Structures are given as C-alpha cells and as structure tokens.
Amino acid sequence: METTSPESALIIVDLQNDFMPGGPLGVPGADSLLPLIVGRLGGFSTVVATQDWHPPGHGSFASQHPGAQPGELGELDGLPQVMWPDHCVAGTRGAELVDGLPLDRLTAVFRKGQDPRVDSYSGFFDNGRRGDTGLADWLRGRGVRRLVVVGVATDYCVQYTARDAATLGFEVELWLPGCRGVELQPGDVARALDGLRSAGVEVTEA
Ligand SMILES: [Zn+2]
C-alpha cells in the first residue's frame with residue numbers, strides 16, 4: 001500500500017468502451033483492468049484519465065483510406081500510420097470512459113486525437129508533436145514529479161505516454177498489471193517495454 005504523495009499522479013490511459021473486448025478496437029484482457037486500477041486510486045491525490053476523442057472520419061481510420069485494411073501500416077500527412085478501425089468518435093458511447101471508473105475520483109480528463117490529420121497516441125503530444133494537450137504543464141502546476149501509468153494499449157498509447165513523460169523529465173513507473181497490449185505483431189509489447197526501460201521508465205510487474 002503506497003502512501004498518498006502530492007508529488008505522484010496516476011495516469012489512466014484510454015480506458016474507453018471501444019478498447020474493451022468486443023469493441024471495434026478491443027484490446028485482449030482490457031476488461032480485467034478496471035478493478036485493478038480502481039484499487040489503486042486511493043494512493044493518489046492526482047488522478048488523470050486520457051480519452052481518445054476523434055472527429056468522425058479521422059485520418060487514422062482505415063475507412064478513410066481507399067483499399068486499406070485495419071492493422072495495415074499506411075501514411076497520414078507524412079507520418080507512418082497504423083490503419084485502425086473506426087473507434088472513439090467524439091460523443092459516442094464507444095468513446096466514453098468505461099462504466100465503473102469513478103468519475104468523481106478523476107482530477108482531470110485530457111482528450112486527444114481531435115486533429116483529423118494526425119494521430120495522438122500520447123497523452124502529452126500528437127504523433128507529429130505539432131500539438132500539446134497541456135498535460136505536462138498542468139501536472140507541473142500541481143507539483144507532480146512522479147507518474148504511474150496504466151491503461152491501454154501497452155504497445156501504443158501507454159508506451160507513447162510513458163515515453164513522453166520520461167522525456168519531459170517526470171519520474172515514470174509503468175505498472176504492468178494495470179496495462180494490456182494490442183500485439184498487432186507478436187512481441188510488440190516486449191519491444192515496447194524494452195524501449196521504455198531504455199528511456200528510463202521503471203516497469204513494475206507486481
Ligand atoms: Zn485513436
């Protein structure tokens with residue numbers, strides 16, 4: 001049991017209906033995360049949820065690229081882009097945070113992915129670093145120095161959020177039991193974790 005420190009924040013990445021098994025971009029096992037994450041809320045005075053929040057027809061959707069199949073690698077405005085199924089369209093049920101996540105325990109929600117021409121895996125920046133969500137300044141303004149990152153998907157939005165946080169100078173822990181990955185290619189999660197460890201992220205397994 002950790003003690004609550006004003007310097008520590010829990011970052012819950014994209015715990016949204018469309019990423020749950022059965023959803024259009026279902027992450028295997030993601031439906032098992034809620035009780036684990038809720039069980040840790042008491043340890044943090046600052047809890048942030050990120051929320052993927054796309055306009056209809058977002059450029060990351062395979063449906064916007066003639067002939068593209070979900071899961072393929074393509075390009076979006078000059079950047080490599082995985083073609084995703086339509087997901088997390090702003091205002092839809094699929095974009096809502098999962099039922100059971102106590103919204104009154106969230107200090108803030110940061111939305112991302114609203115620019116149709118660039119994807120946003122990280123809770124801090126879009127994939128081209130053209131836009132900044134304001135999360136880093138907001139955390140610093142609260143005196144937060146240490147982040148514990150959980151959510152989905154380990155090999156995409158969790159990875160990018162944790163890496164950016166480390167690059168920005170935060171002390172970062174990725175709590176592995178609270179994360180699940182997509183694994184479009186076998187080994188994607190292991191490679192993501194190796195890269196994060198190299199970037200100075202502490203990956204904890206219990
Ligand atoms: Zn998305």
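1. Two strands count as paired if DSSP finds at least two bridges between them. Helices (H or I, at least four residues) and strands (E, at least two) are DSSP runs, numbered from the N terminus. A word on the basis: this is a predicted model, in which local features need pLDDT of at least 70, side-chain atom pairs count only at pLDDT 80 or more, and totals for chains, interfaces and linings use all residues. Residues are numbered from 1 along each chain as its sequence is written.

2. Now the sheet: it is open, with 6 strands in the order 5-2-1-6-7-8 and parallel pairing. Strand 5 and strand 8 (202–204) form the edges, each pairing on one side only.

3. Within that sheet, strand 6 (residues 146–152) and strand 7 (residues 171–180) run parallel and are joined by 6 bridges. Leucine 147 has valine 172 of strand 7 opposite it.

4. Have a look at helix 3 (residues 154–167) too: a kink of about 25° is centred on tyrosine 160, where the bend is the angle between axes fitted to the seven residues ending there and the seven starting there. Just after helix 3, glycine 169 has a positive phi of about 100°.

5. Finally, phenylalanine 124 lies in the loop between strand 5 (108–112) and helix 2 (135–141). Its C-alpha is 6.8 Å from that of glycine 134, 10 residues away in sequence. Leaving out residues up to four places away in sequence, phenylalanine 124 touches several residues, including Leu135, Thr161 and Leu168; contact means that C-beta atoms, placed from the backbone, lie within 7 Å.

Conventions. Two residues are in contact if their C-beta atoms, placed from the backbone, lie within 7 Å.
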